[in-house]
Amino acid sequence: MFIDAHSHIDLLKNYKQAIQNAKEKNIKILTAGIDIKSNRKLLELKKQNLEIEICLGIYPTETLKLSEKEIDSEIDFIKKNKNKIVAIGEIGLDLKENSPETLEKQKENLSKFIELTKELNKPVIIHSRKAEEECINFLEKFNYKKIVMHCFSGNFKLVKRILENNWILTIPTSVKNSQHFQKVIEIAPIKNLLCETDSPYLHPDKEFPNEPKNVIESYKKISEIKKISLKEVEKTLEENYANFFK
Ligand SMILES: [Zn+2]
């Protein structure tokens with residue numbers, strides 16, 4: 001089985017078709033919540049018995065739009081639904097969309113979600129765009145191991161720190177045309193890798209929308225760069241997922 005370890009199924013217009021397309025290619029989908037609305041939508045999809053795994057969280061930019069009370073109540077909501085989710089995410093820090101002055105507030109919000117993650121003892125999917133070093137410094141303080149750095153675009157000194165911490169890096173489908181992610185594959189041990197589409201974003205050929213079935217492109221690149229068969233990559237990443245998410 002192939003695994004798309006990070007997507008936003010609810011943002012696809014034709015998500016039922018996308019789930020069906022993935023199923024036909026033997027691809028498991030993990031889809032992440034980004035705000036209060038999408039967390040509820042994903043639970044609703046799960047209720048309809050669609051074949052997806054879900055994680056709930058609030059995207060860093062979205063946390064800045066919420067009051068402290070709203071964040072606390074969403075955390076309670078996630079706790080109540082803990083048996084329906086496999087991880088917490090997408091959470092993190094973002095300094096591309098937000099000014100540096102928001103960093104302290106973002107960290108305050110993030111720490112609430114990390115405490116939740118520790119309490120539930122589940123993996124966490126981290127977004128770190130343009131705040132990569134801040135994010136690693138911050139996460140290391142929590143001394144928590146089940147961390148997935150989604151689409152990590154920081155420099156290779158930071159990639160090495162992630163690997164020393166034995167966290168997971170997800171390879172997005174945009175790897176097809178990205179030297180950065182091709183190099184990540186080169187230097188990371190395969191035990192630290194998973195693949196993702198970030199659907200509807202990060203299409204392998206820069207189109208829109210991306211969908212989970214395209215995750216095969218990331219698998220192919222790992223196979224090509226590590227010089228191991230596609231079957232072997234599939235098997236190893238399935239083990240990685242099982243070890244990390246169970
Ligand atoms: Zn995402």
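# A friendly note on the zinc site, rings and cysteines

1. Let's start with one cysteine. C151 has a relative accessibility of 18%, and because the cut-off for "buried" is under 20%, C151 counts as buried. Please keep in mind while reading that this is a predicted model.

2. C55 is buried, with a relative accessibility of 1%. The closest cysteine sulfur to that of C55 is in C151, 15 Å away, again too far for a bond. As a reminder, a disulfide is a covalent bond that joins the sulfur atoms of two cysteines. Searching the whole structure turns up zero disulfides.

3. Now step back to the chain as a whole. How many helices and strands does the chain have? The secondary structure comes to 10 helices and eight strands. The radius of gyration is 17 Å, close to the 18 Å that the globule rule gives for 246 residues, so the chain is as compact as a globular protein of that length. Along the principal axes, the C-alpha atoms fill a box of roughly 50 × 45 × 35 Å. Of the 246 residues, 57% are buried.

4. Next comes the metal. Which residues coordinate the zinc ion? They are H6 and H8, each through NE2, together with E90 through OE and D198 through OD, at 2.1 to 2.4 Å. Along the chain, these donors follow the spacing H-x1-H-x81-E-x107-D.

5. Why is the zinc arrangement called irregular? The four donor atoms subtend angles of 88 to 176 degrees around the zinc ion, which makes the arrangement irregular. To count as tetrahedral, four donors need all angles between 85 and 135 degrees. For comparison, the ideal angle for four tetrahedral donors is 109.5 degrees.

6. On to the aromatic rings. The count comes to five aromatic pairs. One of them is F2 with Y219: the ring centres are 4.8 Å apart and the planes stand at 90 degrees, so the pair is edge-to-face. Because F2 lies in strand β1 and Y219 in helix α9 (residues 216-226), this pair ties together parts that are 217 residues apart in sequence. F2 and Y219 are both buried.

7. A second example is F138 with F142. The centres of these rings are 5.1 Å apart and the planes meet at 55 degrees, so the pair is tilted. Both residues lie in helix α6 (residues 132-142), four residues apart, about one turn of the helix. Like the previous pair, F138 and F142 are both buried. Further along, Y241, F244 and F245 form one aromatic cluster.

8. Finally, look for charges over rings. Which ring does R40 lie over? R40 lies over the face of F77, at 3.7 Å from the ring centre. The charged end of K183 sits over the ring of F156, 4.3 Å from the centre of that ring.

Notes. Residues numbered from 1 in each chain as written. Predicted model: local features only at pLDDT ≥ 70, side-chain atom pairs only at ≥ 80, totals over all residues. Heavy atoms only, no water. Donors = N, O, S within 2.8 Å, 3.2 Å for Na, K, Ca; no water. Tetrahedral: all angles 85-135°; square planar, octahedral: opposite > 155°, others 65-115°. Phe/Tyr/Trp six-rings, centres within 6.5 Å; stacked < 30°, edge-to-face > 60°. Helix = DSSP H or I, 4+ residues; strand = E, 2+ residues; numbered from the N terminus. Buried < 20%, exposed > 50% of the residue type's maximum accessible area, 1.4 Å probe, protein only. Lys NZ or Arg CZ within 6 Å of the ring centre and 35° of its normal. Disulfide = S-S within 2.5 Å. Rg over C-alpha atoms; globule rule 2.2 N^0.38 Å.
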